[in-house]
Amino acid sequence: MLARLRQALFIPESGLLLVVFVLGAALWFFSGTVRTPLFEIGPDGTRQRVFTTNDAGERVPAFIERNKFLNAQNLAQLAKDTSFIAIMAVGMSVVIIAGGIDLSVGSIYALASVLGALAFQQFGPDGAHAGSSPFASVLLGSLACVGTAALCGLANGGLIVALRVHPFIITLGAMAILRGIAFVVTRGQSVGGFPPAFRDLVRFEIGNGLSIVPLAVMVLVLVAGWIFLGRLAAGRRVYAVGGNELAARFSGIRVERVKIGVYLLSGLCAGIAALLSIGYYGAATSGDGQGYELNVIAAAVVGGASLTGGKGTALGAVLGALVIQMISSGIVILGIDQNYSQIIIGVVVVAAVVLDNVNNWLARRRQARAAA
């Protein structure tokens with residue numbers, strides 16, 4: 001019993017959970033308070049402003065003092081923003097565990113967004129198929145968005161295997177090509193006008209403005225990633241290829257198939273995030289996902305994925321995304337200049353890589369001592 005309790009408490013991600021707790025406590029302590037309007041649920045079930053009477057007998061809006069970080073509205077925003085990055089971070093972690101890297105994830109997100117948006121636009125109020133079934137419009141638009149991203153990931157993996165070029169080169173080129181295609185297709189214009197059924201589905205809220213659909217999809221992707229990496233033979237093969245590719249090849253693992261598969265999964269995750277994004281915001285442009293490469297890789301690395309391959313988990317990727325999003329949110333809440341955000345996230349990535357290298361060095365040292 002004690003052994004099981006100890007195992008539950010000291011999971012590999014327990015350190016990350018502690019970081020999330022400490023970071024949250026620090027933001028709560030230093031963020032101060034903000035005066036926000038007070039709302040209540042009216043008799044008709046809608047959210048309404050609360051009014052009060054001042055000393056002069058006038059009816060005025062009521063306000064309430066809330067902690068800038070620890071309030072329902074900010075936490076709901078944090079959960080929604082984390083969902084998009086966390087979904088992509090799970091796919092990126094699988095790629096990094098296999099010893100690769102995907103710099104094109106932001107561009108895949110952008111191209112999937114605009115092509116999915118163009119498909120949805122056809123079924124929108126002003127589209128050519130405005131009278132189509134809501135189910136068919138959501139299904140076809142979703143297939144266009146997620147299918148585009150999956151094909152981009154498949155192309156990345158295929159080129160890396162076929163040309164035997166480092167993933168950095170292929171995905172760097174893909175980053176520019178896919179972003180350029182998105183710009184040419186849209187001519188730099190925003191694409192909107194989606195079917196109301198699609199937007200209502202993604203923007204479905206509960207409680208105080210909590211968008212439950214992106215959060216639920218993130219949990220599903222997390223569970224799928226945990227099962228794939230931790231319970232399936234295919235996931236074990238990903239760890240084997242990332243840990244020692246030559247040994248994996250000699251043990252009979254089809255390394256090329258594994259590599260193509262991990263980039264396909266990365267593209268698929270980017271497509272799911274793009275689908276949720278266009279549904280939530282109601283439009284897509286070729287500039288969507290700009291800089292997401294850094295945030296997604298940062299989330300995966302902070303979550304414990306080793307850039308040398310062979311290490312990482314889906315839960316770590318989600319917690320890493322939460323840490324990165326808490327840092328971004330904290331920069332806004334604490335009134336720090338937004339121009340410092342990329343610098344801070346970059347420093348966090350470098351620190352995570354340095355700590356990983358130190359940890360690997362200590363592990364090798366312990367093994368050497370044990371063998372002596």
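**Close-up views of a predicted model**

**View 1. The buried residues of helix 12.** Glu293, Asn295, Val296, Ile297, Ala298, Ala299, Ala300, Val301 and Val302 are the buried residues of helix 12. Please keep in mind that this is a predicted model. Helix 12 is mostly covered, with nine of its 11 residues buried. The cover over these buried residues includes helix 2, helix 3, helix 4 (105–122), helix 6 (167–186), helix 13 and helix 14. Just after helix 12, look for glycine 304, whose phi is positive at about 105 degrees.

**View 2. The largest pocket.** This pocket has a volume of about 520 Å³. It is lined by 21 residues, and the closest to its centre are Leu16, Val301, Val302, Gly303 and Gly304. Helix 2 (14–31), helix 12 (292–302), helix 13 (314–333) and helix 14 (341–371) each bring at least two residues to the lining. Helix 14 supplies the largest share, five residues. By class, the lining divides into 12 nonpolar, six polar and three charged residues.

**View 3. The second largest pocket.** Here the space comes to about 350 Å³. Of the 17 lining residues, Gln325, Ser328, Ser329, Val332 and Gln338 are the closest to the centre. At least two lining residues come from each of helix 3 (72–97), helix 13 and helix 14. Helix 13 gives the most, with five residues. The lining of this pocket holds 11 polar, four nonpolar and two charged residues.

**View 4. A buried salt bridge.** Side chains of opposite charge can pair when their charged atoms come close. In this view, lysine 80 and aspartate 81 meet in a salt bridge, at 2.8 Å from N to O. Both of these residues are buried. The whole structure contains four salt bridges.

View 5. Glutamate 245 and arginine 249 form a salt bridge, with their closest N and O atoms 3.0 Å apart. These two residues are separated by about one helical turn, because they stand four residues apart in helix 10 (residues 245–250). Glutamate 245 is partly exposed, at a relative accessible area of 30%, and arginine 249 is also partly exposed, at 36%. Arginine 249 forms a salt bridge with glutamate 256 too, where the closest N and O atoms are 2.9 Å apart. Glutamate 256 counts as partly exposed, with a relative accessible area of 26%. Through shared partners, salt bridges join Glu245, Arg249, Glu256 and Lys259 into one network.

Methods: Residues numbered from 1 in each chain as written. Predicted model: local features only at pLDDT ≥ 70, side-chain atom pairs only at ≥ 80, totals over all residues. Heavy atoms only, no water. 1 Å grid on protein atoms, 1.4 Å probe; cavity = no way out; pocket = protein on both sides within 12 Å on 5 of 7 lines; lining within 4 Å. Points joined across faces, edges and corners; volume = space filled by probe spheres on them. Nonpolar A, V, L, I, M, F, W, Y, C, P; charged D, E, K, R; others polar. Buried < 20%, exposed > 50% of the residue type's maximum accessible area, 1.4 Å probe, protein only. Contact = heavy atoms within 4.5 Å. Salt bridge = Lys/Arg side-chain N within 4 Å of Asp/Glu carboxyl O.
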